[in-house]
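Here's a quick briefing for anyone meeting this structure for the first time. Have a look at it, then read on.

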Amino acid sequence: MEEFALIMRHEDGAKVASPEQIQQWMKQTMDWIGGIAAQNKFTNGTGLSFEDAKVVKHGNMITNGPFGDIKETIGGLIIVKADSTEEAIEFAKGCPVLQGEGNSVEVRKIAKKNA
Amino acid sequence: MEHPEIIPHLFRTEFSKITSVLCKLFGLAHIETAEDIASETFLAALETWPYKGIPENPVAWLYTVAKNKTKNKFARDQIFIERIAPQIKQAAGSDIVEIEIDLSEKNISDSLLQMLFVVCHPAISIEAQIALSLKILCGFSVEEIANAFLSNKEAINKRLYRAKETLRKENINFVNVNTGVFSDPEMNKQLETVLTTLYLLYNEGYYSESNDSILREDLCREAMRLTFLLIENNSTDLPNVNALYSLMCFHASRFAARKNESGEIILYDEQDVTLWDQELISKGAYFLMQASTGNEISKYHLEANIAYWHTVKKDSKEKWENILQLYNLLLQTEYSPIAALNRTYALSKLSGKSKAIQEAEKLQLKNSPYYFVLLGELYADIDDKKSIDHFQTAYSLAKNKAEKNLLKGKIKG
């Protein structure tokens, strides 16, 4: 069994969503995570706030937000257990952020101590 | 992971509360700042709750976050430091260091009510009043408002922007809504404007041509929620407000019965009575009783009474006599073509079609499809050719698909 990070990239919700939509996303996210947890494959996860986001660059240059030219940036990640990359991809496919055009979920294997 | 259910529409409801309380504190010029803080609060929930679980008291959690976000802005945001803070300090009459955000039940309820009077201010157009109500008090997105109005996002954005500009320019303020204040004629007139907006908001949902039935029912539900807000507050728990709420309940009781699965209108006579919502009918009756005090009979009283008689399915002389008299009164209070047509329909039920045809032809509402629908109905079985001619004229005047489909059936006979 391996561990994978599913990294969600999407737009800043404050710019696009109504309270009702945010509530719907929340329910969908909980159902998505609940479905993975029900298979005992969920390890951990967190959202990442867009508010007050900063990037520290080479030469200690600090900018507001990691966003640059692209609108989609990391909004959160969860760590799941899976037997294969394919299984982790199947989990990723259910992620509600994929409903948004331009959004994506990156699937990355977690490096092990004694790989 | 077990999650307690979140109340449906919780964020939408809380949006209006948080926005209203903050806006009252910041001043109307900073309405967008208040909206932003409310939105950011829900995003914080989205970023936390799915992973850490829903807090035991979700509403209290939201309020704490909203308060903290405001305090952070108060300490760091330039607009706050330069423009909003001095205003708050001045209003408080002291050089406060710590900002106080009052999210008590009383202040929430007062702020919502005051905000309702702001967004329904006669200085802005009625369309803008409805759009602003939907945005601020119902937490609708610009896109949802555009769908409801069969318009586009740009147009709605412009409408909202202009409305907010007008509020700023005209220096509109939160009014005092303490008990007894509405005996003042000027305040009573403002309450009338609010009721008109809520009435139109409801009608927008009830008669909307939008195919989205969930959205339409949402508009009606929101109009009812805002009207109920007035009833819950002592100072606005007045007879005409109760009458309006009663009217809304009676109409809402027929929601499930008045359209078929493909969204076509089912006429009153052909509706399945078992689909009428009895609970809403009793609720309507209760609030109609609550409305029956004082000396004034508003148009809402009359319309609620008419709606009440329509919940009695069985035809009787008494029923149609009452409806006819109510329409007679309603037309004297405020003429409308639809009321004139409905009055004539009631007359046909009482005095027969020939008599009603004479009265109908005096109305001369030649631009209204409903005028020709009525004539078509009245001429049926008397002069079938004329009847079909009228339905055909109605068809050519009808504005939406649901009506056209209905008339197609009539023309075929």
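This is a predicted model: local features need pLDDT of at least 70, side-chain atom pairs count only at pLDDT 80 or more; totals for chains, interfaces and linings use all residues.

In short, 27 residues of chain A are in contact with 28 residues of chain B, and chain A has several antiparallel strand pairs, among them S1(A) with S5(A). Chain B, for its part, is divided into two stretches, domain 1 and domain 2.

**Where chain A meets chain B**

- How much area do chain A and chain B bury between them? It comes to about 2,300 Å², with 65% of that on carbon and sulfur atoms.
- The two chains share 3 salt bridges. One of them joins the side chains of Glu51(A) and Lys69(B), at 2.3 Å from N to O.

**What chain A brings to the interface**

- Which elements of chain A each supply at least two residues to the side that touches chain B? They are helix H1 (19-38), strand S2 (42-47) and strand S5 (73-82).
- H1(A) gives the most to that side, with 11 residues.
- Sorted by class, the side of chain A that touches chain B has 14 nonpolar residues, along with 9 polar and 4 charged ones.

**Strands around S5(A)**

- S5(A), besides supplying residues to the side that touches chain B, pairs with S1(A), which covers residues 2-10. These two run antiparallel and are joined by 9 bridges.
- To spot this pairing, find Leu6(A), which stands opposite Ile78(A) in S5(A).
- S2(A) also runs antiparallel to S5(A), with 5 bridges joining them. Here Thr46(A) is opposite Leu77(A) in S5(A).

- Which residue stands opposite Val55(A) in S4(A)? That's Thr63(A).
- The hairpin has 3 residues between its strands, and Gly59(A) takes a positive phi near 80 degrees.

**The domains of chain B**

- Domain 1 of chain B spans 1-103, while domain 2 spans 332-413.
- How far apart do the C-alpha centres of these two domains of chain B lie? The distance is 54 Å.

Conventions:
Residues are numbered from 1 along each chain as its sequence is written. Chains are lettered from A and ligands numbered from 1 in the order in which they are written. Side-chain values use heavy atoms; hydrogens and water are left out. Contact means heavy atoms within 4.5 Å. Buried area is the accessible area (1.4 Å probe) that two parts lose on being put together, summed over both. A salt bridge is a side-chain nitrogen of Lys or Arg within 4 Å of a carboxyl oxygen of Asp or Glu. Helices (H or I, at least four residues) and strands (E, at least two) are DSSP runs, numbered from the N terminus. Ala, Val, Leu, Ile, Met, Phe, Trp, Tyr, Cys and Pro count as nonpolar, Asp, Glu, Lys and Arg as charged, and the others, Gly among them, as polar. Domain bounds come from an automatic or database domain assignment. Two strands pair if DSSP finds at least two bridges between them.
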